[in-house]
Amino acid sequence: MRSHILVVDDEPVARQSLTDILRLEGYTVNSVPNGQAAVEYVRTHPVELVIVDLRMPGMDGLEVVQVVNQISPETEVILLTAFGSTESAIQALRLRIHD
Amino acid sequence: MESISVLVVDDEPGIALLCDRVLSRAGYDVIAETNPHRAIQRLQDQQFDLLVVDIRMPEVDGFDVISRAQMIQPDIAVLVMTGFGTVETAIRALRQGVDGLLLKPFQKSDELLQTVRQALDDNQRKRDTARVAALRPLFEVTETLFAETDRDRLLELITSAIRDHLKCSNVAYYQVEDGTVSVVARRGNVLDVENSQAAAQLVGQVDADGTPFVINATGPGEAEAQALLSSLGLGSAILIPVARANLHSVLFAARDAISTDRPFRGADLEMFFVLSRQAVVAMENARLYADLRDYIRRVEDSQQALLRAEKMAAAGRLTASIAHEVNNPLQSVQNCLHLAGREDMPVEKRREYFALAEKELDRLMKTMQRMLDFYRPGSIKIQQVDVLDLLHHVLSLTAQQLGQRKIDVRTDLPDRLPLIYAVSSQIQQIFFNLILNALDAMPSGGTLTISARALDNGVEITFRDSGLGIPPDRRNNIFEPFFSTKEGGTGLGLTVSYNIVTAHGGTLDLVDEQEPGASFRLFLPLGDKQ
């Protein structure tokens, strides 16, 4: 089954490498460089999973999670965080996302 | 008015008596001696203003009497009487430094009185001239003294000045505190206040009296003091007390008792008096300078400490960003290497992934370098820095926080800016500070606009936020230390930034704008290697 995944990360190499890996695993992957674009995409496409970097300029990962939950509650979101601060983990759990 | 005392010495009793009568009637205090030896004894025992002496006496040559008198009482006026009116005599008299010449027999008492008056006046004038002459070099000396701010060197200068100008080889600088006398500097044979009760008492007494004290080992004077002097092999000494505020000093100068060293004269006393007071003030100055230097050093030390504290405070807010700056590239590198390692990957793609990994690692290393630069204490190397590069670095470190606060960062930056000579870590610190300030000013979000442009002589960067702004009554104080409108701040961010900017020869201003928010304009000159 080919799931539709959306990768959201402002850093090009991170975005590309993650996208490529997932594609090789057989997934259909698209990527966008920022939160705004991610929201737009989810609004107009059926996405099963959003993998979003926590820290981005403009709309950050947490906000993306919130908006996506609102406009497309059936979409799962994975929040990628490069720093394991307890605070953000708790916040993430509260919004019920996978770590 | 004190009457003037005269000693008349003439072997002819008739003359002696006549002079006595004439001068006594005129108001002088007269002692007449026909015996020159006894006359010299008189000189040892009491002070005279004038010596009237016959040159030709059978037992003792009048000139010898004069020499002795000038040794014992150097300021005494001398009037020579002679029945021998030769040019030779006159010349010899002049050479001896005599103040008047009177031919015997004199016709009228008036002649005597006039000559006496003349002699006294001339002597006075000579002494005044000597005083002025003695004081002139003092100006130069005091200039030198006041220019010296090192206490030990100053003491050295003072003792040398006293020795040179007073022509003596024994000098001491005493201090009296709570009844204890101590010696601060000394040269030669001086009153040993630390081991001799009598010496300490003498100095203490001079301090208590507050007036200069002259001692001559021979001649009229205080026996005890004279004995002290003699025991030290000293012929004459002057003690000058100078009391200022809570510091009491006594300066001591003494000449050896050998025959060639004449006792101190009035002019010497005057000069020493002035010199002592200058010396003491110069010492005070030196102490004040030392205190000031100390104070400045402490202020500088605390400034350094504050700079570090501010840096650390800023650093604390960024640990999360640091982790991100390091871990993200590493994750990308891991991904790329994984991809490059896959056997089903075509060669060109593998190469591409390796290249990407390399690029990310490069980026990571640069970031680490910049961070090390920033956190390494005391790295103040001036080098050519690319402010755009630093700006982007700082922005990426603060991006997460800015994002969280919903601050929209807009940049209006040229592709390149001229490199400037600066201390990289310090410039970063300014950027951190200004950006974090903007962040704090916009608790519910807003816009931070950063623009930059190259000027002829440097670069200009403007940080504009749409936040709470700075109230007009505070605009003047924002760069002051410990002035903070936010909690948990050191209140030093802008101060430190301002100091760094100034040290680089640049300017940091709060720009007056109409719209809400604050706008900081930073100018950094191109600078040079130094």
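Leaving aside neighbours within four places in sequence, which residues is B:Lys167 in contact with? Keep that in mind as you open this predicted model.

**Stop one: B:Lys167.** Select B:Lys167 in chain B. You land in the loop between helix 6 (151–166) and strand 6 (170–177). B:Lys167 is exposed, because its relative accessible area is 60% and exposed means over 50%. Now show the contacts. Beyond the neighbours within four places in sequence, B:Lys167 touches B:Ile162 and B:Arg255. In sequence, B:Arg262 and B:Lys167 are 95 residues apart. In space, their C-alpha atoms are 9.7 Å apart.

**Stop two: a nonpolar patch.** Stay in chain B and select B:Leu292, B:Tyr295 and B:Ile296. Together they make a nonpolar surface patch of about 290 Å². Pick out B:Ile296, which sits in helix 9 (residues 266–316). Its relative accessibility is 41%, so B:Ile296 counts as partly exposed.

**Stop three: helix 1 of chain A.** Switch to chain A and select residues 12–24. This is helix 1, with 13 residues. Check its length from end to end. At 1.5 Å a residue the helix should span 18 Å, and its end C-alpha atoms are 18 Å apart, so the two agree. Then colour by burial. The buried residues of helix 1 include A:Val13, A:Ala14 and A:Arg15. Further along, A:Ser17, A:Leu18, A:Thr19, A:Asp20, A:Ile21 and A:Leu22 are also buried.

Terms used. Residues are numbered from 1 along each chain as its sequence is written. Chains are lettered from A and ligands numbered from 1 in the order in which they are written. This is a predicted model: local features need pLDDT of at least 70, side-chain atom pairs count only at pLDDT 80 or more; totals for chains, interfaces and linings use all residues. Side-chain values use heavy atoms; hydrogens and water are left out. Patches are made of residues with over 30% relative accessible area and no salt bridge: like charges are joined within 9 Å, nonpolar side chains (Val, Leu, Ile, Met, Phe, Trp, Tyr) within 5 Å. Accessible areas come from the Shrake-Rupley method with a 1.4 Å probe; for residues, only the protein chains shown count as cover. A salt bridge is a side-chain nitrogen of Lys or Arg within 4 Å of a carboxyl oxygen of Asp or Glu. Helices (H or I, at least four residues) and strands (E, at least two) are DSSP runs, numbered from the N terminus. Buried means under 20% relative accessible area, exposed over 50%, partly exposed in between (1.4 Å probe, protein chains only). Contact means heavy atoms within 4.5 Å. The expected span of a helix is 1.5 Å times one less than its number of residues.
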